[in-house]
Amino acid sequence: MTKPLLEVEDLRVRFHLRTGIVEAVRGVSFQLGRERLGIVGESGSGKSQTGRAILGLTPPPGEVTAGKLTFDGIDLLTASKRTLRTLRGGRISMVMQDPKYSLNPVMTIGEQIIEAYQAHAKASRAEARDKALAMLEAVKMRDPGRVFALYPHEVSGGMGQRAMIAMMLVTDPDLLIADEPTSALDVTVQMEVLRILDELVAERGMSLIFVSHDLKLVSSFCDRVLVMYAGRVVEELEAKHLRQAKHAYTQGLMQCLPTLANDIRPLPVLNRDPSWAQ
Amino acid sequence: MLDIQNLQVVFGTGRLRVDAVKNVSFQVERGASYGLVGESGSGKSTVLRAICGLAPISDGRVSVEGKEVTTPRDQAFYRTVQMVFQDPYASLHPRHTVDRTLSEPLAIHGEKDAEARIVQALREVGLGPSFRFRYPHQLSGGQRQRIAIARALILRPKVLLLDEPTSALDASVQAEVLNLLDELRQKMGLTYILVSHDLAVVAHLCERLLVMRHGEGVEETTAAALRSGKASDSYTRSLIQASSGFSRDGQKTSPALAV
Amino acid sequence: MTGAAPLVQPTGLRAWLLSPEPASRWQARLGRLYLGWRTFTKNPLAVFGLGIVLLLLLVALFAGFLAPYSPVAGGDLRTLRLLPPSAEHWFGTDDQARDIYSRVIYGSRITLWVVLLVSVIATPIGLLVGTVAGYVGGWVDTVLMRLTDIFLAFPRLVLALAFVAALGPGIENAIIAIAITSWPPYARIARAETLMIRNSDFIAAVKLQGASTPRIIMGHVVPLCISSLIVRVTLDMAGIILTAAGLGFLGLGAQPPMPEWGAMVATGRNYLIDQWWVAAMPGLAIFVVSLGFNLLGDGLRDVLDPKAAK
């Protein structure tokens with residue numbers, strides 16, 4: 001790892017609500033090279049807000065501060081709106097949880113991919129079309145020509161999510177942020193989509209931030225895992241060393257899932273220690 | 001306790017006809033726990049909804065305690081069979097306090113002693129009396145699901161229909177709710193029918209289960225067989241494989257994955 | 001995805017109201033009201049609107065103390081007719097030598113009466129028709145909604161005119177006419193809300209407890225529809241006041257010598273050029289009260305129906 005692609009230092013996301021100030025992310029720091037980084041946590045741990053803050057997609061009452069937030073040497077906090085726009089969707093892409101909400105319902109899938117491509121690359125329509133078809137093929141659509149002309153409601157969840165991935169990867173981004181990309185899908189389809197994502201990331205040498213609640217999934221998919229709790233990173237570890245996790249929270253998260261292999265009852269429950277949030 | 005024979009559920013007619021459940025049969029003994037596993041569109045939830053009258057029984061028979069159910073269901077049915085829904089954020093009335101939610105079934109069935117029974121119901125699901133006057137928005141997902149379970153149990157039913165009771169919850173909360181369900185079944189001698197997409201959850205809570213796909217039963221098996229990896233059907237095997245997490249080996253796409 | 005406890009903790013009465021563990025039904029309810037009040041007071045215009053409506057209430061209540069003269073009996077027709085605003089007659093006098101200020105004050109009672117009766121008659125009808133149509137569905141829905149459509153197809157003032165023409169002029173008949181013409185939009189709103197609610201899990205849950213249809217509609221569907229209806233009714237108040245004034249203006253509502261604002265504007269019409277105050281003062285009152293209800297409605301919408309705001 002020579003120079004990290006993304007550097008995050010003391011990232012904080014605050015929401016000013018009428019009940020007071022809520023800090024969703026409280027001082028998260030990490031560096032990302034050409035690797036697959038997983039961010040794991042339960043709902044409310046701030047994992048999604050971390051991903052969004054990097055892209056500048058924090059919803060309105062939220063306020064983002066950081067000691068350092070740079071992408072390939074560009075300071076994302078001080079960058080102009082224009083620079084951010086070209087980065088977003090161009091060099092940094094994001095795949096969201098549910099394709100139903102992130103695809104435009106009144107545009108065909110092909111049109112959307114073309115639009116995404118032309119927004120960031122100077123290309124003729126014919127070129128963009130070829131690129132879009134190639135992309136649909138890359139995400140293993142059986143009949144790219146047919147899918148190209150379909151509207152989002154005409155495809156299944158798994159196909160929609162693959163179309164979304166195609167759209168997000170068409171600009172050859174350097175960094176892909178995937179926020180629970182498969183949790184709206186059936187398990188068997190989930191594996192298929194992950195396999196495609198895995199191949200594309202490996203082929204193109206992208207960096208990946210994979211945000212999920214599923215510790216087992218993340219650790220089998222990523223190289224390195226950040227475990228978040230109450231807006232903080234409580235543990236950072238190599239995915240293959242997950243079994244040797246030191247933090248009680250990480251251990252608890254792993255043990256409380258029922259498995260086919262072991263029949264433990266009652267299931268060990270997580271005793272939340274207030275000191276974890278400190 | 002529960003006998004389902006050749007159940008069919010059809011929605012719509014003509015071109016819009018959807019066969020949600022085609023010819024599903026199974027029996028559940030008193031005090032047993034039975035699982036229905038499948039992916040979305042497999043008809044597993046529809047089976048549950050047909051049992052309790054939220055979906056039509058187009059053909060076949062559903063009998064509870066040896067008596068075939070009537071449509072509409074009578075009050076005695078509702079005292080025997082209750083249901084817990086998947087999404088605890090949608091299954092509690094947003095403008096009703098916990099107290100109101102729990103007192104409603106008692107009022108409908110003209111039960112006395114509401115005060116004591118509400119407090120007891122809260123205690124049974126591991127919540128203190130301090131939760132009694134809260135609104136749903138003041139509760140976490142796990143607490144909401146506990147309230148939903150308390151509501152289902154307050155009429156002292158014998159059968160509990162569980163529709164993905166933990167899939168909207170965090171892993172650690174899921175463990176708590178699963179433990180609670182386990183404990184309640186033993187204490188009250190309840191019969192469960194659990195619907196889930198998660199094989200591990202079903203294997204944890206149920207002794208026997210039916211794997212469903214496209215509205216049909218694919219394979220009836222036992223939790224013990226699942227644990228030892230014995231599954232005769234290829235679809236069941238692919239589900240088992242998928243539930244063990246992502247792996248970079250074995251990149252071959254199984255036939256079940258064809259979209 | 002928000003987590004972590006708020007950094008600022010309230011104390012005292014506020015803490016009691018905002019307590020996450022209310023000890024009784026009342027505390028829970030009051031806490032909810034207090035939260036709503038806080039949202040409401042965030043909007044200064046809404047508070048201003050509430051102020052106007054409260055002022056209207058007070059003025060109507062204490063009209064006897066506030067009005068210096070009789071609203072009906074005029075003074076000396078030779079000397080006190082059509083006087084401009086002065087220290088003795090703040091708003092001037094009209095063609096019958098009556099003090100306009102006193103008449104405007106007493107007129108607030110009529111306005112309030114109209115507003116109250118219309119909302120008491122129209123809201124429940126709309127709510128009932130809408131929720132029953134939406135929840136029961138099938139032919140009941142078809143019949144009820146076609147009926148609603150028929151009422152909606154007529155322009156409001158024209159239908160009200162027809163009713164008054166049939167029943168005879170008078171303030172009560174005008175109120176009935178307005179009420180009958182204003183429920184259809186409420187029925188539509190209530191139906192649309194009901195259609196969203198009826199398939200939700202919490203309705204399925206109460207169905208599975210064996211609740212009867214009327215019980216589900218009254219206890220579970222109506223409470224969720226009512227907030228958006230209250231907002232709509234409040235926003236419609238201005239229109240109702242204007243319709244009542246319009247009927248009064250046309251001579252079909254309140255009959256002379258009742259101090260109804262619309263009828264007062266109508267008499268002022270004859271003197272519009274030279275004695276502007278005769279029409280302008282009651283007109284101003286209509287304007288202010290309509291504005292007040294509109295602002296109040298906006299504020300209520302923020303509180304009761306957050307998704308509709310903006």
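Reply: Start with Ala223(B), which sits in helix α8 of chain B. Helices (H or I, at least four residues) and strands (E, at least two) are DSSP runs, numbered from the N terminus. This is a predicted model: local features need pLDDT of at least 70, side-chain atom pairs count only at pLDDT 80 or more, and totals for chains, interfaces and linings use all residues. Residues are numbered from 1 along each chain as its sequence is written, while chains are lettered from A and ligands numbered from 1 in the order in which they are written.

Me: Why is Ala223(B) called buried?

Reply: A residue is buried if 20 or more other C-beta atoms lie within 10 Å of its own, exposed if 12 or fewer, and partly exposed in between; C-beta atoms are placed from the backbone. Ala223(B) has 20 other C-beta atoms within 10 Å, so it is buried.

Me: What is Ala223(B) in contact with, leaving aside its neighbours within four places in sequence?

Reply: Two residues are in contact if their C-beta atoms, placed from the backbone, lie within 7 Å. For Ala223(B) that gives Ala203(B), Cys206(B), Glu207(B) and Leu209(B). Leu199(B) is 24 residues away along the chain, and its C-alpha atom is 9.1 Å from that of Ala223(B).

Me: Why is Asn23(B) called partly exposed?

Reply: Asn23(B) has 14 other C-beta atoms within 10 Å, so it is partly exposed. This residue lies in strand β2 (residues 18-28) of chain B.

Me: What makes Leu82(C) partly exposed?

Reply: Leu82(C) counts 15 other C-beta atoms within 10 Å, so partly exposed is the label. Leu82(C) is in the loop between α4 (63-66) and α5 (100-136) of chain C. Phi of Leu82(C) is also positive, near 50 degrees, in a residue other than glycine.

Me: Which sense of pairing joins β3 and β8 of chain B?

Reply: Two strands pair if DSSP finds at least two bridges between them. Strand β3 (residues 33-37) of chain B and β8(B) have 5 bridges, in the parallel sense. Ser33(B) stands opposite Tyr192(B) there. Strand β7 (residues 159-163) of chain B also runs parallel to β8(B), with 5 bridges. Leu162(B) has Leu194(B) as its bridge partner.

Me: What makes the unit of β7(B), α6(B) and β8(B) right-handed?

Reply: A crossover is right-handed if, with the strands pointing away from the viewer, the path from the first strand over the helix to the second runs clockwise. β7(B), α6(B) and β8(B) make a β-α-β unit of that hand.

Me: Which element of chain B gives the most to the side that touches chain A?

Reply: In that interface, 32 residues of chain B are in contact with 33 residues of chain A. α6(B) gives the most, with 7 residues. The chain B side divides into 15 nonpolar, 11 polar and 6 charged residues. Here Ala, Val, Leu, Ile, Met, Phe, Trp, Tyr, Cys and Pro count as nonpolar, Asp, Glu, Lys and Arg as charged, and the others, Gly among them, as polar.

Me: And how many residues of chain B are in contact with chain C?

Reply: 25 residues of chain B are in contact with 22 residues of chain C. The largest share of the chain B side, 4 residues, comes from α3(B).

Me: Why is chain A called as compact as a globular protein of its length?

Reply: Chain A has 10 helices and 11 strands. Its radius of gyration is 19 Å, close to the 19 Å that the globule rule gives for 278 residues, so chain A is as compact as a globular protein of that length. The radius is taken over C-alpha atoms, and the rule is 2.2 Å times the number of residues to the power 0.38.
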